Amino acid sequence: MSATTSELPTWDLDSLFPGLESEAFLRTWQQVEAQLAELRGFMETHRIGKEGTAKDRGTFLELVDRLNAFGDTLGPLYAYLVMRVDSNSADSAARARLSELELVYLEFQKLRPRLQRWLAELDPEEVQAGEYRLLLEEARIQAAHMMSEPEETLAAELSLCGGRAWVKLHTHLTSQITARVNGEELPISAVRNLAMHPEESVRKAAYQAELQAWEAHRIPLSAALNGYKGEVSTLNRRRGWEDDLAPALFENRIQRKTLEALQSVMVASFPYWRRYFAAKARALGKPQLDWWDLFAPLQVPGGSPRRWSWEEGRSFILGHLAQFSPEAAALARQAFDERWLDAPPRKGKTGGAYCMPVGRGASRILLNHEDSYESVSTLAHELGHAYHNHCLREVPYLLRKGPMTLAETASIMNETVIGEAALKTLPPAEQLGVLEGSLQSAAQVIVDIHSRFLFERAVFAKRRNRELLPEEFCDLMLEAQRATYGEALATYHPYMWAVKGHYYGANFYNFPYAFGLLFGLALYQRYLSEGQSFLPHYKALLASVGKHRAEELAARFGFDLASEEFWWEGMRVLLRRIERFEALLGELWKAHV
């Protein structure tokens with residue numbers, strides 16, 4: 001039986017704060033303001049970032065303690081407000097409070113230029129920086145790419161009515177968009193979920209309705225994208241970055257040669273992915289896939305497509321995670337039992353899925369669940385993020401935040417464990433569906449992700465000169481999709497720039513997914529060769545993502561990220577799945593003829 005929306009779990013936020021007027025919420029808010037005031041006073045007393053400043057170990061350690069405490073207090077408060085808004089954009093009280101909190105955080109942001117310059121001047125050996133060494137090394141790079149303190153302060157102040165305002169416009173507008181499909185008005189997240197409907201007529205109708213909905217809102221959405229990317233590009237130039245990609249490489253803690261090696265392998269793999277698309281098209285009885293077929297369930301010979309209920313997905317994940325890591329399984333069970341998850345799609349709720357840390361190793365997970373293997377895989381993926389947050393629970397705040405390139409490690413591991421278990425335990429007809437689901441997801445990360453990178457790179461190049469028209473965004477998106485999907489598709493999606501919130505509020509939020517997938521597959525291969533002895537090293541890696549650059553952390557496992565051969569190791573796992581998919585599909589069709 002398919003779960004109705006009312007049967008899917010919603011998350012418990014009251015255990016974080018029982019309301020905006022609760023004693024816990026107000027006390028935490030006051031604590032954030034008090035800690036910020038004390039931090040500002042400490043910086044003035046010790047002349048942090050000014051002439052004659054102290055540069056001793058004691059001052060450094062006390063400053064670090066204050067920054068860690070401030071982050072630990074602010075984080076859960078901010079997460080609570082974001083989640084209330086994301087799960088219900090009509091929650092005007094939470095939106096107002098979130099705006100107020102952003103103003104409080106802005107006061108902290110104004111201190112950052114002084115903080116970074118002071119940290120940049122410290123000698124790691126003299127202050128015995130220890131595990132905070134990377135903090136000082138990166139401060140030197142950031143200091144070299146900073147405007148004057150008044151300019152940085154002004155940029156921080158203007159961000160609330162500039163970049164952040166455009167992000168909010170996109171988030172709030174897209175959460176309210178609806179489209180009429182076959183006479184029924186649905187929130188846009190539910191319309192997009194119809195891409196997984198077994199009937200092509202429904203998928204096509206949803207695709208057409210979705211395009212009409214995005215087109216109807218193209219003016220404010222293009223204004224948001226122009227505004228956000230324009231601000232980012234302007235600041236990148238003023239800060240002296242060589243191009244708009246350079247800050248993203250720095251934030252992701254990888255070198256350009258690592259990205260080039262990764263993307264070279266991605267592009268070289270495209271012919272294999274087109275084989276997968278062609279095989280799926282044959283299974284659907286079509287000469288070519290259309291865009292609305294990318295997430296279509298296969299019509300398995302001799303049976304109906306497998307529908308995964310919420311309870312089936314939950315049991316499968318818990319059972320097979322326990323065989324990999326009892327600790328990861330226990331954390332997943334805690335997430336289910338303590339209502340960390342908000343699963344049903346609904347109007348006013350943001351699309352997609354994410355996992356939000358809420359302090360002390362706990363998390364909350366937003367989903368837009370459908371009864372499909374892809375949704376089960378997404379659930380496993382987000383529970384991996386929750387396990388990662390759990391592994392970071394004793395790590396100081398400043399060392400807890402790793403780059404996005406490494407942030408996908410545990411989620412990919414979970415996803416792979418569950419996918420491989422499905423391929424080993426289910427009957428052939430169901431294996432085909434699971435295999436197709438995993439390839440469907442991987443194709444998004446390898447093929448579609450690269451189209452998003454090409455699109456964003458082109459947008460930045462053109463946005464440096466002027467604003468782009470909505471139709472120009474569409475043209476650039478189509479050009480990028482043709483470059484990656486090629487002849488595998490008969491139709492494309494010109495409005496993916498409007499769909500993906502990653503373009504708004506982040507920059508080059510694409511290639512790290514491919515990095516994470518292939519890096520995670522390489523780690524999974526290491527697990528297969530080492531067995532349970534791998535797990536302590538795995539946990540140590542997850543707890544260390546905020547302490548090392550990606551290349552340095554990978555080297556501990558003998559991985560050379562600048563080598564194309566390393567990336568082929570992960571890619572070959574996916575290519576073998578494509579070959580297995582083609583073979584299994586052929587066998588099932590022969591058996592049914």
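This dialogue covers how to read helix packing, a nonpolar core, strand pairing and backbone angles in a predicted model.

Student: How is the packing of two helices such as α1 and α3 described?

Tutor: Two packed helices are described by the angle between their axes and by the distance between those axes. In this predicted model, the axes of α1 and α3 come within 10 Å and cross at roughly 15°. Angles under 35 degrees count as roughly parallel, and α1 and α3 are therefore roughly parallel to each other. Their crossing is left-handed.

Student: Which residues of α1 and α3 meet?

Tutor: From α1, the residues are Phe25, Leu26, Trp29, Val32, Glu33, Leu36, Leu39 and Arg40. They meet Arg97, Glu100, Leu101, Val104, Glu107 and Phe108 of α3.

Student: Which residues touch the most other members of the largest nonpolar core?

Tutor: In soluble globular proteins, nonpolar side chains tend to be buried together. Here the largest nonpolar core has 209 residues, of which Trp273 and Trp497 touch the most other members. Helix α18, residues 428-463, gives the most to this core, with 15 residues.

Student: What is tryptophan 273 in contact with, leaving aside its neighbours within four places in sequence?

Tutor: With those neighbours set aside, tryptophan 273 is in contact with Leu439, Ala442, Ala443, Ile446, Val447, Met571, Leu574 and Ile578.

Student: What is the strand order in the open sheet of 3 strands?

Tutor: The order is β3-β5-β4, and the pairing is mixed. Strands β3 (341-342) and β4 (354-359) stand at the edges with a single partner strand each, so one side of each has no neighbour in the sheet. Between β3 and β5, which run parallel, there are 2 bridges. Aspartate 342 has leucine 366 in β5 as its bridge partner.

Student: Do strands β1 and β2 run parallel or antiparallel?

Tutor: Strands β1 (residues 178-181) and β2 (residues 184-187) run antiparallel and are joined by 4 bridges. Valine 181 stands opposite glutamate 184 in β2. The hairpin has 2 residues between the strands, and asparagine 182 takes a positive phi near 50° in it.

Student: Where is arginine 253 found, and is it buried or exposed?

Tutor: Arginine 253 is found in the loop between α11 (246-251) and α12. Its phi is near 55°, a positive value in a residue other than glycine. At 13% relative accessibility, arginine 253 counts as buried.

Student: Where does phenylalanine 508 lie?

Tutor: Phenylalanine 508 lies in the loop between α20 (496-499) and α21 (511-530). Although it is not a glycine, phenylalanine 508 has a positive phi of about 50°. Phenylalanine 508 is buried, with a relative accessible area of 2%.

Student: How many residues apart along the chain are alanine 278 and leucine 289?

Tutor: They are 11 residues apart along the chain, and their C-alpha atoms are separated by 7.3 Å. Alanine 278 lies in helix α12, residues 256-283, and is partly exposed, with a relative accessible area of 32%.

How values were computed
Residues numbered from 1 in each chain as written. Predicted model: local features only at pLDDT ≥ 70, side-chain atom pairs only at ≥ 80, totals over all residues. Heavy atoms only, no water. Buried < 20%, exposed > 50% of the residue type's maximum accessible area, 1.4 Å probe, protein only. Pairing = 2+ DSSP bridges. Core = buried A, V, L, I, M, F, W, Y, C linked by side-chain atoms within 4.5 Å. Contact = heavy atoms within 4.5 Å. Axes fitted to C-alpha atoms, helices over the stretch in contact; angles between N-to-C directions. Parallel < 35°, antiparallel > 145°, perpendicular 65-115°, else oblique. Left-handed = near helix turned anticlockwise from the far one by under 90°.
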